[in-house]
Number of protein chains: 2
Amino acid sequence: MRHLEVALGERSYPIYIGRNLLDDPEIITRHITSRQVMIVTNETVSPLYLRKLEVALQKYSLEACVLPDSEIHKSMDSAMKIFDVLLKCKMSRGTHIIALGGGVIGDLTGFVAACYQRGIPFIQIPTTLLAQVDSSVGGKTAVNHPLGKNMIGAFYQPKCVIADTNTLLTLPEREFSSGLAEVIKYGLIRDPEFFEWLELNMDDLINQDLDKIGFCIERSCLNKAEVVSADERESGIRATLNLGHTFGHAVEIGMGYGEVLHGEAVAIGICLAADLSNRLGWLTDEDMARIVDLLKRARLPTTVPPTLGVNDFLEHMSIDKKNVEGQLRLILLEKIGRATLPMAVDQNQLVETLTAYGNN
Amino acid sequence: MRHLEVALGERSYPIYIGRNLLDDPEIITRHITSRQVMIVTNETVSPLYLRKLEVALQKYSLEACVLPDSEIHKSMDSAMKIFDVLLKCKMSRGTHIIALGGGVIGDLTGFVAACYQRGIPFIQIPTTLLAQVDSSVGGKTAVNHPLGKNMIGAFYQPKCVIADTNTLLTLPEREFSSGLAEVIKYGLIRDPEFFEWLELNMDDLINQDLDKIGFCIERSCLNKAEVVSADERESGIRATLNLGHTFGHAVEIGMGYGEVLHGEAVAIGICLAADLSNRLGWLTDEDMARIVDLLKRARLPTTVPPTLGVNDFLEHMSIDKKNVEGQLRLILLEKIGRATLPMAVDQNQLVETLTAYGNN
């Protein structure tokens with residue numbers, strides 16, 4: 001088992017990574033101090049892993065809330081369903097709530113944990129690569145609003161993160177690739193060695209080499225933990241984790257939540273950010289090609305969906321948490337392994353990139 | 001102008017108390033660092049004070065969201081309406097949001113501020129006595145759930161609190177008395193001198209002596225600020241601020257949100273808590289009588305509404321944030337000026353109190 005720590009003073013917590021972790025109840029129970037426990041999961045994950053978790057936690061007073069799958073359910077309506085169950089079961093302020101699933105379940109459950117009775121302890125058990133390398137770590141919780149992704153949320157850290165890599169064996173190919181987009185992102189923004197390692201080992205990752213995948217999750221989490229420890233509430237460096245995300249959110253909203261997977265949208269967004277960085281004279285043509293090539297080898301899309309035009313992007317990007325007083329700001333790349341802080345971009349150059357990549 | 005500080009490290013903030021504060025824009029504008037500002041208020045307060053505030057803030061890019069009045073609108077639906085306006089107006093993460101109104105508007109707006117883009121700055125301009133002495137100070141924000149008051153919320157501190165006592169001149173008598181319940185509470189839980197001062201000066205307060213009211217607000221805020229500074233997230237002493245509130249919440253839920261004012265319900269709750277404390281042999285008959293007498297002089301109810309039975313109380317009190325693993329816990333009084341921490345109570349003695357005060 002690999003083990004690392006997110007250093008945040010009294011809110012520090014461990015991340016455990018490895019095979020068969022769900023078969024070892026002690027890893028979870030050492031972090032539970034209450035009698036009442038609530039598990040939140042979805043209809044895809046529950047037939048696979050809910051029973052196993054319930055057995056591990058049989059000594060507790062246990063409730064489960066099973067939601068429909070997909071990004072479309074990362075909504076306030078879903079949050080209210082969980083609040084309903086918590087209150088109907090008279091769950092008290094000490095109750096531990098466990099997110100068993102991907103990024104949607106983790107973000108949603110974390111938000112509910114942050115708000116229920118003004119905050120109850122929660123535990124992340126991410127079952128997708130994307131959640132294991134990114135969304136379960138760092139305490140960003142949220143639900144979507146029809147006008148913007150993650151617009152309603154809280155910074156709220158879990159008590160621990162348990163990433164059982166066995167769960168990736170049941171993950172659909174497309175979901176696995178979606179997680180690789182965030183993995184590649186870490187290489188791009190701050191870890192050029194890791195980017196090179198990914199270039200060398202992408203085929204093994206795609207072929208489900210769980211040891212290499214374990215390394216890959218650990219290295220991703222190490223990168224994220226360092227950034228989050230330095231800037232928990234995103235007043236500076238943490239924003240670089242959003243490389244490709246402003247474009248990506250526009251793709252997700254423009255296509256309708258759930259049509260394009262989050263990592264797929266981020267992959268497209270990384271291409272657009274790289275293209276803009278290239279036009280600004282920072283990123284070389286060669287590095288641009290390396291990025292697109294690695295994303296393709298991860299089976300990720302690198303072009304904009306045909307139904308999304310330049311104006312769709314401009315509209316959807318006008319609502320973004322990094323924007324300041326209506327001015328769009330983007331994370332760009334100085335080179336592979338080095339990202340900029342959010343920066344205002346020239347509208348003409350942005351339109352050039354969107355036009356070159358886009359559909360009208 | 002009276003001025004005090006809530007000491008919470010880097011989250012410390014000032015409370016300003018006095019007449020005509022809304023006529024001095026600088027008091028507010030010194031705390032606003034953004035161009036975008038959103039005011040949230042209700043249909044009762046907006047005709048009285050919204051225009052004045054808009055004039056004071058005319059140099060900003062200003063939006064207002066006017067909600068219906070009453071506790072029934074302290075709901076997630078109302079919060080979503082504010083999120084809708086924030087997003088439609090493309091309000092960015094730097095936007096300052098101002099709560100102009102009573103406790104409902106303050107709690108609701110604070111919750112929206114805590115969650116919008118994971119947290120934006122907010123300012124409290126309380127216009128009721130209850131909000132000025134209690135709910136605007138201390139960072140408890142929340143909305144109600146049909147099964148429990150304040151069950152969904154966050155600890156989130158404002159940038160400042162501006163209590164213009166002139167606004168109390170337009171406050172309905174019943175609302176003013178509701179605020180006095182929380183004022184009397186501070187005397188009961190930790191400030192016996194203040195309780196005596198209230199006994200001497202209650203008639204002047206009722207007769208709208210704004211100087212004495214100003215003192216009364218300052219003394220209440222001082223008490224609250226000390227408690228909150230010592231225990232921001234209610235792991236101990238802060239719970240004493242909830243004297244009468246567990247019974248009170250049961251009255252509010254049992255009667256339907258908005259039927260009984262919050263302070264009225266708290267007044268009834270204080271009587272029940274005092275009665276139980278008396279049965280436990282702590283509070284003397286004489287002190288019990290002093291408490292009921294002072295509440296009556298503040299024109300507050302001191303008996304349980306006839307439609308609420310013992311079982312209604314037991315049911316509604318079974319969901320309370322102070323409960324631990326299903327065990328009901330209450331704040332009681334050792335004497336006037338000294339409250340207990342939340343304590344488990346004997347069910348039989350509780351039923352005795354409820355029966356003596358109740359209706360079946």
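Predicted model: local features only at pLDDT ≥ 70, side-chain atom pairs only at ≥ 80, totals over all residues.
**Overall build of chain A**

- Chain A contains 13 helices and 13 strands, and its C-alpha trace spans about 60 × 40 × 35 Å along the principal axes.
- The radius of gyration of chain A is 20 Å, which agrees with the value near 21 Å that a compact globule of 360 residues would have.
- Of the 360 residues in chain A, 54% are buried.
- When contacts in chain A between residues at least 6 apart in sequence are considered, 74% of them join residues at least 24 apart.

**Two domains in chain A**

- Chain A is divided into domain 1, covering residues 2-170, and domain 2, covering residues 173-357, and the C-alpha centres of these two domains of chain A lie 25 Å apart.
- The contact between the domains draws on 31 residues from domain 1 of chain A and 30 residues from domain 2 of chain A.
- On the side of domain 1 of chain A that touches domain 2 of chain A, at least two residues each are supplied by β1 (2-6), β2 (13-18), α5 (129-135) and β8 (148-155) of chain A, and α5(A) gives the most, with five residues.
- By class, that side of domain 1 of chain A is made up of 16 nonpolar, ten polar and five charged residues.

**Helix α9 of chain A**

- Helix α9 (residues 245-255) of chain A packs against helix α12 (residues 310-317) of chain A at an angle of about 110°, with the two axes 9 Å apart, which means that α9(A) is roughly perpendicular to α12(A).
- This contact is formed by A:T246, A:H249, A:A250, A:I253 and A:G254 on the α9(A) side, and by A:D312, A:F313, A:H316 and A:M317 on the α12(A) side; sorted by class, the contact has four nonpolar, four polar and one charged residues.
- Helix α9(A) is mostly covered, with ten of its eleven residues buried, and among these buried residues are A:H245, A:F247, A:V251 and A:E252.
- The buried residues of α9(A) pack against β8, α10 (262-279), α12 and β10 (329-330) of chain A.
- After α9(A) comes A:G256, whose phi is positive, near 95°.

**Contact between chain A and chain B**

- The contact takes 32 residues from chain A and 32 residues from chain B.
- On the side of chain B that touches chain A, the elements giving two or more residues are α3 (76-88), α4 (103-115), β7 (140-145) and β8 (148-155) of chain B, and β8(B) provides the largest share, six residues.
- The residues on that side of chain B divide into 15 nonpolar, ten polar and seven charged.

**Loop residues in chain B**

- B:K90 lies in the loop between α3 and β5 of chain B, and B:K90 has a positive phi of about 50° although it is not a glycine.
- B:M91 is also found in the loop between α3 and β5 (96-101) of chain B, and B:M91 counts as buried because 26 C-beta neighbours lie inside 10 Å.
- Leaving aside residues up to four places away in sequence, B:M91 touches B:Q36, B:M38 and B:L86, while the C-alpha atoms of B:M91 and B:V37, 54 residues apart along the chain, are separated by 8.3 Å.
- B:R118 sits in the loop between α4 and β6 (122-126) of chain B and is buried, with 23 other C-beta atoms within 10 Å; phi of B:R118 is near 65°, a positive value in a residue other than glycine.

**A loop residue in chain A**

- A:N166 is placed in the loop between β9 (160-164) and α6 (173-190) of chain A, and A:N166 counts as partly exposed, with 15 C-beta neighbours inside 10 Å.
- Although A:N166 and A:R19 are 147 residues apart in sequence, their C-alpha atoms are 5.4 Å apart in space, and A:N166 touches A:R19 and A:N20 when residues up to four places away in sequence are not counted.

Key. Residues numbered from 1 in each chain as written. Chains lettered and ligands numbered in written order. Helix = DSSP H or I, 4+ residues; strand = E, 2+ residues; numbered from the N terminus. Rg over C-alpha atoms; globule rule 2.2 N^0.38 Å. Buried ≥ 20, exposed ≤ 12 C-beta atoms within 10 Å, placed from the backbone. Contact = placed C-beta atoms within 7 Å. Nonpolar A, V, L, I, M, F, W, Y, C, P; charged D, E, K, R; others polar. Axes fitted to C-alpha atoms, helices over the stretch in contact; angles between N-to-C directions. Parallel < 35°, antiparallel > 145°, perpendicular 65-115°, else oblique. Domains from an automatic or database assignment.
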